[in-house]
Amino acid sequence: MVKKNACVFISGTGTNLKALIKSSREYNFPININCIVSSTKKADGLNFAKIYKIPYYILNLNNQLNFQSVLQKLKGNNVSLICLAGYMKILKKNFLNKFNGKIINIHPSLLPKHKGLDAYKKVLESKEKITGCTVHYVNEKLDSGKKILQKKVFISSNDNEKTLKARVQQAEYRAYAEAVIKLFK
Ligand code: GRF
């Protein structure tokens, strides 16, 4: 299988990044992650870039020179897909237009419910019985692009943010891999 090149954008722990890298090393997975972008050099997830020997770039959206240089790197890497995985910055039109329809994100709720930050808190406050995660296309509005795939997770009455997050993240790793496969089918 000829794999497409992909880049994962992170800001934090990078456990979804790690799961995607592992999937991408399977022979029949449609993407090869050939670069990583982080909004900060302090992101713990950059350790996975080092462990798996994948080049990474720090993107500062407020610095035009840096922005152009990272854009060039992405073009140079022939990136066909950008997977946001805990990337905490809002990408504006000037970036989205360069990768039209090629940027996807994962969010820890069943969108359109509980967009934005503190999703687990919002979910628990809602007293709902089921939550989950959503992989969706990225557009200019926060967590609002077309859905690609969702996975459900049951909420137990004993759940707190930590226990719920632990279970939703397990679902996220499967959801992201399945969504990528679905995109290239
Ligand atoms: C994920 O739970 C994702 O839903 C949200 O940010 C979190 C990132 O976690 N957008 P990690 O950095 O992949 O561990």
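User: Why does Phe95 count as buried?
Analyst: In this predicted model, Phe95 has a relative accessibility of 1%. The term buried applies under 20%, so Phe95 at 1% qualifies.

User: What makes the Phe67 and Phe95 rings an aromatic pair, and which geometry do they have?
Analyst: The centres of Phe67 and Phe95 are 6.1 Å apart, and pairing requires a separation within 6.5 Å. The planes of Phe67 and Phe95 stand at 65°. Since angles over 60 degrees count as edge-to-face, that is the class of this pair.

User: Why can the pair of Phe67 and Phe95 be said to tie together parts of the chain?
Analyst: Phe67 belongs to helix H3 (residues 64-76) and Phe95 to helix H4, so the contact bridges parts 28 residues apart in sequence. Phe67 also counts as buried, because its relative accessibility of 4% falls under the 20% limit.

User: How many aromatic pairs are there, and why is the pair of Phe9 and Phe95 called tilted?
Analyst: The count is four aromatic pairs. For Phe9 and Phe95, the ring centres are 5.8 Å apart and the planes meet at 55°. Phe9 is buried, because its relative accessibility is 0%, under the 20% limit.

User: Which residues form the aromatic cluster?
Analyst: Phe9, Phe67, Tyr87, Phe95 and Phe99 form one aromatic cluster.

User: How do you know that Glu125 and Lys121 form a salt bridge?
Analyst: The N to O distance between the side chains of Glu125 and Lys121 is 3.8 Å. The criterion is a distance within 4 Å, so the contact qualifies. Both residues lie in helix H5, four residues apart, about one turn of the helix. Glu125 is exposed, because 54% relative accessibility is over 50%. Lys121 is partly exposed, because its value of 40% lies between 20% and 50%.

User: What makes Glu178 and Lys151 a salt bridge, and which parts of the chain does the pair tie together?
Analyst: The closest N and O atoms of Glu178 and Lys151 are 3.0 Å apart, which is within 4 Å. Glu178 lies in helix H6 (residues 161-184) and Lys151 in strand S7 (residues 147-154), so the pair ties together parts 27 residues apart in sequence. Glu178 is partly exposed at 35%, whereas Lys151 is buried at 18%.

User: How do you know that Asp159 and Arg167 form a salt bridge, and how many salt bridges does the structure hold?
Analyst: For Asp159 and Arg167 the closest N and O atoms are 2.6 Å apart, again within the 4 Å limit. Asp159 is buried at 13% relative accessibility, and Arg167 is partly exposed at 34%. The structure holds five salt bridges.

User: Which residues does the cis peptide bond join, and where is Pro112?
Analyst: Most peptide bonds are trans. The bond joining Leu111 and Pro112 is cis, with omega about 15°. Pro112 lies in the loop between S5 and helix H5 (119-126).

Conventions: Residues numbered from 1 in each chain as written. Predicted model: local features only at pLDDT ≥ 70, side-chain atom pairs only at ≥ 80, totals over all residues. Heavy atoms only, no water. Phe/Tyr/Trp six-rings, centres within 6.5 Å; stacked < 30°, edge-to-face > 60°. Buried < 20%, exposed > 50% of the residue type's maximum accessible area, 1.4 Å probe, protein only. Helix = DSSP H or I, 4+ residues; strand = E, 2+ residues; numbered from the N terminus.
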